[in-house]
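Reader: Hello! Could you take me on a close look at the aromatic pairs in this structure, and tell me how the rings sit and where they lie?

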2 protein chains.
Amino acid sequence: MLPLVMKKTPSGIAPLIQVDRRAREPLHRQIYNAYRAAIVERALRPKQQVPSTRTLASELGVSRIPVLNAYAQLLAEGYFEARVGAGTVVSSMLPDEVRSPQHAQASTSSRRCAAPVPPNSISLPSMGNILPWLGPRLGAFSPGQPAFDQFPFKVWSRLVARHSRNLRPPSMHYGSPMGSNGLREAVAGYLRTARGVRCEAEQIMIVSGSQQALEITARVLLEPGNSVWMEEPGYRFARALFNLQGCQIVPVPVDREGLNVSAGIKRCKNARAALVTPSHQYPLGVTMSASRRLQLLEWSHRSGSWIIEDDYDSEYRYESMPIASLQGLDRGSQVVYIGTFSKVLFPSLRLAYLVIPRDLIERFLAVRFTFDIAPPNFFQSVVADFIREGHFSRHIRRMRLLYRDRRSALLNGLRAQLDIPIDVTGEQAGLHLSIKLPRDFCDHEISERASRQRIWLAPLSSYYRKRPSQQGFILGFSNTPAEDMPRAVRKLRDVIHPR
Amino acid sequence: MLPLVMKKTPSGIAPLIQVDRRAREPLHRQIYNAYRAAIVERALRPKQQVPSTRTLASELGVSRIPVLNAYAQLLAEGYFEARVGAGTVVSSMLPDEVRSPQHAQASTSSRRCAAPVPPNSISLPSMGNILPWLGPRLGAFSPGQPAFDQFPFKVWSRLVARHSRNLRPPSMHYGSPMGSNGLREAVAGYLRTARGVRCEAEQIMIVSGSQQALEITARVLLEPGNSVWMEEPGYRFARALFNLQGCQIVPVPVDREGLNVSAGIKRCKNARAALVTPSHQYPLGVTMSASRRLQLLEWSHRSGSWIIEDDYDSEYRYESMPIASLQGLDRGSQVVYIGTFSKVLFPSLRLAYLVIPRDLIERFLAVRFTFDIAPPNFFQSVVADFIREGHFSRHIRRMRLLYRDRRSALLNGLRAQLDIPIDVTGEQAGLHLSIKLPRDFCDHEISERASRQRIWLAPLSSYYRKRPSQQGFILGFSNTPAEDMPRAVRKLRDVIHPR
């Protein structure tokens with residue numbers, strides 16, 4: 001990217017130089033020495049800009065003469081170099097002593113007494129688990145990726161430009177820990193209309209992604225030692241969060257009707273909370289049946305337990321109308337509802353929301369404030385306008401048609417090409433479906449083979465907490481054009497074979 | 001704000017309507033009933049847009065005829081109204097039954113069995129403590145507020161527009177939990193040069209404000225029951241965070257040289273960590289002396305304790321060159337360094353950073369990922385360019401001169417107008433100074449009087465954990481023009497009198 005046109009030559013950050021007028025050493029020598037030391041110790045790096053002589057003189061409160069002298073010497077000795085239009089920079093060809101490896105290593109740890117870190121961090125996800133999340137995923141089947149190239153870039157960038165031009169002091173302050181009123185109103189209206197959530201804007205809290213929604217919820221509702229029902233298989237990174245909070249996880253099996261409530265009651269009747277994905281179970285994709293929903297609410301009322309409803313991709317339902325949220329069925333206020341813009345807009349926006357039971361608003365607000373004060377302001381206004389002006393519902397409608405085609409292409413491909421008996425679940429909604437493999441297949445082995453072909457396959461077995469677990473894959477279809485799907489499925493077929 | 005010009009009439013969000021073709025009730029009646037119920041139950045609200053008949057028919061998978069019939073009836077009965085250019089909306093003049101208060105109250109909690117929330121939330125900040133943080137502060141002296149009107153809006157908004165035009169799929173993915181490489185490089189360069197921090201870009205983690213930096217640090221380094229040194233007086237919202245984490249807070253007095261390390265050792269030799277603000281103590285504003293810095297590092301090495309250095313406003317130093325960070329003095333790796341863009345740019349940006357000892361990077365990354373996956377992407381790129389292109393250091397230089405003037409105006413005003421013996425500290429740096437009042441003054445009483453005059457004064461005593469505490473105020477000067485200062489100080493004088 002080209003820098004903006006500027007009137008002046010860019011001027012670097014002023015380094016930490018202490019000058020002492022009463023010292024015997026002349027000022028130009030002090031400045032020279034300070035620069036030389038900073039370069040040798042690699043506090044200043046090759047090609048880094050240094051301030052103009054005028055700027056530095058004013059920073060140090062000295063006349064320009066000693067600064068000019070010091071710069072001349074540093075240039076002459078090759079510590080600095082002058083670049084046309086770019087001012088003075090630290091030389092990219094430094095003397096050997098500076099480039100020697102022990103200097104590069106200077107800041108490496110040599111702790112005298114190793115300070116310990118708490119052992120509970122051990123249950124956290126490792127880099128290996130996180131890595132696939134870090135950037136563009138490999139291959140056709142990575143789950144939860146919206147069709148980025150279909151995003152309404154033009155409308156979005158016009159909204160961004162408008163809000164950027166209108167940046168004013170009032171919106172530069174911290175803002176409310178609950179989020180901006182405009183976005184909370186827009187989200188509440190959307191949830192009441194499209195998701196059957198019973199809420200007012202005052203119950204909405206804007207957060208930085210649904211993981212943060214879970215984090216805040218866990219901190220408000222749970223204490224170390226509490227038991228929590230989690231779907232088995234279930235969302236892995238929620239597990240890490242509950243572990244970090246010191247909670248006991250009770251895995252409750254999921255069948256064709258969703259979470260098996262009776263099994264949960266048998267395992268741990270008095271769990272403090274249950275985390276569920278009733279619209280499109282993660283990862284299997286099943287929709288929780290009406291009778292299970294009522295059973296779950298009944299249990300939560302009787303045992304005084306909380307239900308955390310994660311409604312992460314329910315906007316996309318292909319074969320029937322969307323099913324109302326669990327929260328909307330609840331006549332008490334036992335349900336905390338979580339939704340996100342990651343799947344409908346895009347993940348790096350980091351915007352999601354919580355619907356909080358009225359009597360807990362103060363608690364949630366206090367915990368949120370203590371964690372990170374308030375959400376950033378700018379994109380809250382952009383998204384509020386995006387919803388208010390109708391772009392949001394139009395985008396969802398367009399994407400639903402697109403994803404339906406992509407899903408059909410995946411289903412057709414699987415039916416036509418896979419010659420092993422697979423069991424497909426969760427294809428009615430969302431951005432992924434799941435396939436279950438017969439027992440003589442090992443999903444991790446296949447996944448490793450696939451990664452060598454640059455296909456990233458999420459093995460179903462890693463979503464189970466207990467062994468032996470089901471083998472299979474979560475197959476995302478939302479970011480692969482329908483016409484590319486047959487080729488992708490052929491690749492998949494070629495790596496799937498028994499151990 | 002005017003909506004963008006659009007080709008079509010805006011169309012509302014499709015409501016949750018289940019139609020059943022096999023039911024005896026005709027389709028138009030089913031649609032009519034669903035709308036009527038949603039309006040009566042306030043899932044749809046007055047003036048809310050409804051989808052066009054064409055859109056709804058396609059959503060429901062039915063022909064347009066029954067939808068047209070249902071809409072006609074809803075319009076005729078006054079549930080809907082047609083607005084020129086705005087399509088069809090829910091009527092703003094609804095029948096009485098809909099407006100009755102019991103409907104409005106429908107979603108209020110009537111929990112059968114009150115599910116408990118953990119008692120540890122009790123030590124959290126209350127709304128009263130948080131409120132002053134929520135928006136533009138009242139009056140001249142609110143601390144930590146940059147001069148919003150001096151922000152380089154033009155350059156900023158050009159950078160925003162540029163990045164918005166260049167939004168591409170790769171930057172829409174989650175991104176790294178550590179933050180973007182571009183911003184991490186820019187921050188590392190800045191910290192090495194201007195703050196004497198010893199770091200490489202790989203040690204930088206971008207976070208959503210310094211409060212989140214503290215939250216992540218506390219979770220990595222501390223366990224429930226651990227003791228933590230905090231400056232007395234000290235930053236209140238850090239206290240809330242350590243409380244939430246179940247830590248014991250050991251208040252360690254601050255004198256003219258900063259944290260009294262020997263006093264800390266006497267009170268709790270084996271504290272697990274110490275949170276300090278050595279550049280400009282919060283709230284007193286003193287700078288930690290060189291000997292205290294060495295003493296603190298010596299203690300931390302001997303006892304294997306961590307030091308958390310919060311360097312929140314050290315960019316602004318008025319009477320001497322900035323003092324290098326404590327982190328840069330440390331030859332081991334016992335210091336976790338925190339800095340923020342809230343004071344140098346603006347708070348609602350929610351951008352801050354951590355410098356992590358190398359051997360803890362994995363731990364920090366895992367905890368951060370578990371909390372909220374990764375920071376939002378967009379403004380990381382904007383700020384990286386803002387630094388790289390020299391706007392950042394230019395802005396800091398401009399603001400330093402401006403704040404120096406404002407600070408002098410405040411000091412002159414205090415000297416000229418206050419006729420009681422006050423003790424000023426912390427005026428060498430930062431965005432605020434502190435005044436201490438004689439014992440017969442009560443800062444809370446004065447603060448309440450001031451708030452009735454629309455001046456928000458932060459009472460010093462509320463930054464102490466133990467009573468009896470020092471009375472006084474933290475006076476911010478950065479967001480008040482020098483010419484307005486005399487009048488502001490007169491107002492201050494008028495509310496300060498003994499109890």
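Predicted model: local features only at pLDDT ≥ 70, side-chain atom pairs only at ≥ 80, totals over all residues.

Over all chains, the count comes to 45 aromatic pairs. Let me walk you through two of them in chain B. Trp229(B) and Trp299(B) make a stacked pair, with 3.9 Å from centre to centre and 10° between the planes. Trp229(B) belongs to strand β4 (residues 227-232) and Trp299(B) to helix α12 (residues 290-303), so this pair ties together parts of chain B that are 70 residues apart in sequence. Both Trp229(B) and Trp299(B) are buried.

The other pair is Phe341(B) with Tyr353(B). Their ring centres are 5.4 Å apart and the planes stand at 70°, so this pair counts as edge-to-face. Phe341(B) sits in the loop between β9 (335-340) and β10 (352-355), while Tyr353(B) is in strand β10 itself, so the parts tied together here are 12 residues apart in sequence. Phe341(B) counts as buried because its relative accessibility is 3%. Tyr353(B) is buried too, with a relative accessible area of 2%.

For contrast, here is a residue from chain A. Arg487(A), in helix α18 (residues 485-495), has 56% relative accessibility and therefore counts as exposed. Together with Arg454(A), Arg490(A) and Lys491(A), Arg487(A) forms a positive surface patch.

Terms used. Residues numbered from 1 in each chain as written. Chains lettered and ligands numbered in written order. Heavy atoms only, no water. Patch = residues over 30% accessible without salt bridge, like charges linked within 9 Å, V, L, I, M, F, W, Y side chains within 5 Å. Areas by Shrake-Rupley, 256 points an atom, 1.4 Å probe, with all protein chains shown as cover. Salt bridge = Lys/Arg side-chain N within 4 Å of Asp/Glu carboxyl O. Lys, Arg positive; Asp, Glu negative; His and termini not counted. Charge placed at Lys NZ, Arg CZ, Asp CG, Glu CD. Helix = DSSP H or I, 4+ residues; strand = E, 2+ residues; numbered from the N terminus. Buried < 20%, exposed > 50% of the residue type's maximum accessible area, 1.4 Å probe, protein only. Phe/Tyr/Trp six-rings, centres within 6.5 Å; stacked < 30°, edge-to-face > 60°.
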